[in-house]
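Please look through the sequence and the model first, and then follow the paragraphs below as they move from the whole chain to single residues.

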Amino acid sequence: MTRTNVRKATSSAVAAVAVAVFCVATAKAVALRTSTQSPAVTFSRDIAPIVFDACSSCHRPGGPGPFSLTNYDEVRRRASQIAIVTRSRFMPPWKVEPGVGHFVGQRQLTDREIDAIEQWAKAGAPEGDPKLLPKLPSFADGWLLGKPDLVVKPDAAYVLPAQQNDAFRIFAIRLPITQRTYVTGIEFHPGNARVVHHANIRIDRTDATRKLDAADPLPGYDGLMPRSAEYPDGHFLGWTPGQVAPLVQPELAWTLEPGSDLVVQLHMQPSGAPETVLPEIGFYFSARPPAKIPTILRLGSQGIDIPPGERSHVIRDSYELPVDVQLLAIQPHAHYRAREIRGVARFPDGTTREVMHIKDWDFRWQHVYRHESPIALPKGTRLMMEYTYDNSADNPRNPELPPARVFWGQRSSDEMGDLWFQLLTANEADRAQLTDEVTRKMTAEDIIGYETMLKVTPDDAELRDDVALLYLARGMVNNAIRHFEISAALKPESAAAHFNLGTALAQGGRFSAAVASFRTALARRPNYAVAHGNLGRVLLAQGETAEALTHLQEAVRLDPANPRSLLGLAEALAARGSYDEAIAALDRALKQALTEDLAKEIFARRAAYLKARKG
Amino acid sequence: MFAAALALQLTTVLVFTTTDCPISNRYAPEIQRLAERFGGQARFKLVYPVPGDTEAAIREHVRKFGYTIETVRDVKQAMVKQTGATVTPEVAVIDAAGTLLYRGRIDDRYLAFGKDRPQPTVRDLERSLEAIIAGKPVPVARTQAIGCFLADLVK
């Protein structure tokens with residue numbers, strides 16, 4: 001019998017229970033004596049179908065539940081507890097309010113089922129007729145999505161010490177692929193299901209996570225994920241107990257580049273004893289590149305700053321869709337002070353629909369909510385989020401007592417507030433437009449996040465460098481200069497800090513100051529090729545042709561393959577009339593890997609110098 | 001002064017537990033810490049009231065969770081009835097004369113199933129033992145513990 005059938009077969013029995021419950025409610029004394037009479041609610045007939053369907057898939061030997069609920073004796077031993085946690089809707093864990101959507105893996109008991117469990121527990125948890133007991137579904141223990149094409153795990157297991165507080169650990173796992181690969185899904189096995197509470201999973205195409213992992217002598221590291229650890233190509237990754245994200249259609253596969261690392265952050269709830277944790281992740285591949293790529297939109301605030309004691313702090317964000325989309329999935333994220341989470345879509349005709357609503361947010365039960373069928377959101381729909389935080393002592397989950405001012409930040413003791421949407425457009429032009437807009441929106445918010453973190457740690461030079469680069473990418477040169485100036489003052493011996501400042505000053509047209517910064521950088525690192533190159537180019541712009549030539553020659557000597565230095569050298573040579581040498585430098589540049597824009601510029605120069613030579 | 005010290009040596013802390021109660025097990029490091037802190041002044045005993053917790057299962061439990069305190073089985077629930085314990089983990093502090101000075105939670109970390117504080121705000125057992133050692137009355141003598149229900153477990 002399938003799990004659905006178990007549930008269906010008992011619907012008539014549950015209906016009978018509802019009648020019995022009504023009678024019992026009017027005469028409590030009857031309920032207390034039912035165990036010696038013909039019981040109104042019994043395990044075999046009424047409770048087992050509910051438990052086997054809604055609980056046993058996790059609460060079984062080897063499952064993520066902390067104890068098993070697979071037979072009468074196991075369930076009877078927890079009867080009162082099951083009645084309490086189902087009534088409070090702590091279990092089965094499903095945080096979203098009923099009616100918000102039909103999601104993959106949705107687990108919610110009906111009020112009737114909860115009533116039946118409560119009556120059964122009050123009646124002394126009678127077994128009833130064992131002949132009526134449904135068969136326990138068979139739970140697959142291996143790979144639920146089939147045999148993976150690739151299985152990876154961290155190099156070594158982590159031993160979680162016996163401690164009381166939750167723990168976090170990030171692992172960078174090298175993916176042994178040698179060519180671009182297309183992924184239709186992953187399956188996560190926690191390795192020690194009883195302590196691993198959830199997993200955040202990302203892909204890092206850089207070595208940033210790997211370096212942080214390597215710097216910690218134990219397997220994995222405790223800290224933050226670098227920003228380069230990202231969701232791949234518009235797809236959510238992650239794991240919550242008892243849930244397996246289904247494979248996507250091959251046309252929606254995401255691309256994995258060689259050299260990427262899988263980044264797995266485990267949130268662990270200690271058992272009281274030392275525990276060995278070694279997760280395993282299976283990958284499922286597709287031979288074809290994707291035909292469609294979803295876009296991820298993140299609404300939220302990175303400017304969170306909540307005074308201590310504030311009971312109801314609200315953040316809001318919204319975004320109007322420029323094109324028609326299908327909403328595929330949604331993921332809320334916040335930390336311990338968040339209480340209520342809401343997402344609403346307001347359609348162009350003014351009607352609204354809740355797309356997310358969690359009344360009692362629990363950091364421990366984070367989940368990616370995937371719609372069974374996509375929701376159509378026409379162009380002009382406004383997506384809105386509103387999160388409410390309680391930073392008072394009345395919030396038992398508040399990590400700071402007495403409450404303290406809290407800012408946005410990625411540590412679990414900081415606060416966050418994001419609502420992520422996975423959106424699929426009708427065509428590539430729409431996707432390009434949507435992705436471009438949301439990237440700009442999210443980068444602007446990322447900058448606010450950095451500025452918020454710098455309120456807390458103003459002397460963090462790496463944060464200053466990162467946000468300055470974001471400002472440069474957005475063309476906000478003066479803001480970039482401001483942060484690079486502070487960074488250079490914080491680490492005056494760093495040649496790179498002065499180089500960064502010089503480069504930003506040059507972009508801002510402040511050539512004299514730029515020259516001074518490049519000279520400072522070169523005083524600290526005389527063989528700094530790109531500093532010679534940039535200094536030469538600025539001097540050239542200032543008309544200091546002779547000195548410019550010296551530095552550009554030095555830049556090319558130190559790094560003969562840098563096309564920008566070669567271009568600068570050509571300009572300096574041309575400025576003094578040496579067109580043959582200038583053209584030779586450009587020809588060398590053309591042998592290097594070039595962006596389209598740079599190649600165009602070099603060809604244009606080459607044509608101009610050829611013409612000038614003839615003239 | 002001398003009389004107080006003598007009495008304290010005979011103060012007993014019964015810690016009701018089972019081998020398979022998750023909340024109880026998560027308290028293992030805290031129970032062990034308190035047993036070590038009050039080692040000279042109070043005698044901690046892990047009490048196993050569930051008949052299914054056999055001698056062998058208890059030995060394995062103590063080993064796995066690193067307990068160094070003594071254990072006792074209470075398969076007829078005599079100590080449960082004497083003290084009025086209802087869940088695991090729950091503690092009962094008894095003086096030399098057999099008087100129940102404190103019964104209830106170890107601390108207020110848990111508010112309900114699935115709802116717990118990152119740090120307790122009141123460490124009830126520790127506070128009670130400090131009061132007893134100082135010869136003062138226990139501030140709050142009865143509290144409600146959150147955990148696995150003994151009534152279901154011993155049935």
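**From the whole chain to single residues**

Chain A has an accessible surface of about 27,000 Å², of which carbon and sulfur atoms hold 52%, as computed by the Shrake-Rupley method with a 1.4 Å probe, where for residues only the protein chains shown count as cover. This is a predicted model, in which local features need pLDDT of at least 70 and side-chain atom pairs count only at pLDDT 80 or more, while totals for chains, interfaces and linings use all residues. Residues are numbered from 1 along each chain as its sequence is written, chains are lettered from A and ligands numbered from 1 in the order in which they are written, and side-chain values use heavy atoms, with hydrogens and water left out.

Along its principal axes, the C-alpha trace of chain A spans about 110 × 55 × 55 Å, and its secondary structure comes to 18 helices and 21 strands, counted as DSSP runs numbered from the N terminus (helices are H or I, at least four residues; strands are E, at least two). Of the 615 residues of chain A, 53% count as buried, a word that here means under 20% relative accessible area, with exposed over 50% and partly exposed in between (1.4 Å probe, protein chains only). Among the contacts in chain A with a separation of 6 or more, 76% come from residues 24 or more positions apart, contact meaning heavy atoms within 4.5 Å.

Over all chains the structure holds 17 aromatic pairs, where rings of Phe, Tyr and Trp (its six-membered ring) pair if their centres lie within 6.5 Å, and planes under 30 degrees apart count as stacked, over 60 as edge-to-face and the rest as tilted. In one of them, the ring centres of A:Phe168 and A:Phe363 are 6.0 Å apart and the planes stand at 55°, so this pair is tilted. The pair links distant parts of the chain, since A:Phe168 belongs to strand β3 (residues 167-174) and A:Phe363 to the loop between β17 (352-358) and β18 (369-377), 195 residues apart; both A:Phe168 and A:Phe363 are buried. Another tilted pair is formed by A:Phe283 and A:Phe285, at 6.3 Å centre to centre and 40° between the planes. Here A:Phe283 is buried, with a relative accessible area of 0%, whereas A:Phe285, at 27% relative accessibility, counts as partly exposed. Elsewhere, ring pairs link A:Phe43, A:Phe52, A:Tyr72 and A:Trp120 into a cluster.

Which residues does A:Pro274 touch, not counting those up to four places away in sequence? They are A:Val159, A:Leu160, A:Pro161, A:Ala162 and, from the other chain named here, B:Lys64. A:Pro274 lies in the loop between β9 (261-268) and β10 (275-277) of chain A and, at 48% relative accessibility, counts as partly exposed.

Some backbone details deserve a look as well. Most residues other than glycine have a negative phi, and most peptide bonds are trans. A cis peptide bond joins A:Met91 and A:Pro92, with omega about -15°, and A:Pro92 lies in the loop between α6 (79-87) and α7 (111-122). That loop also holds A:Arg89, whose phi is near 60°, a positive value in a residue other than glycine.
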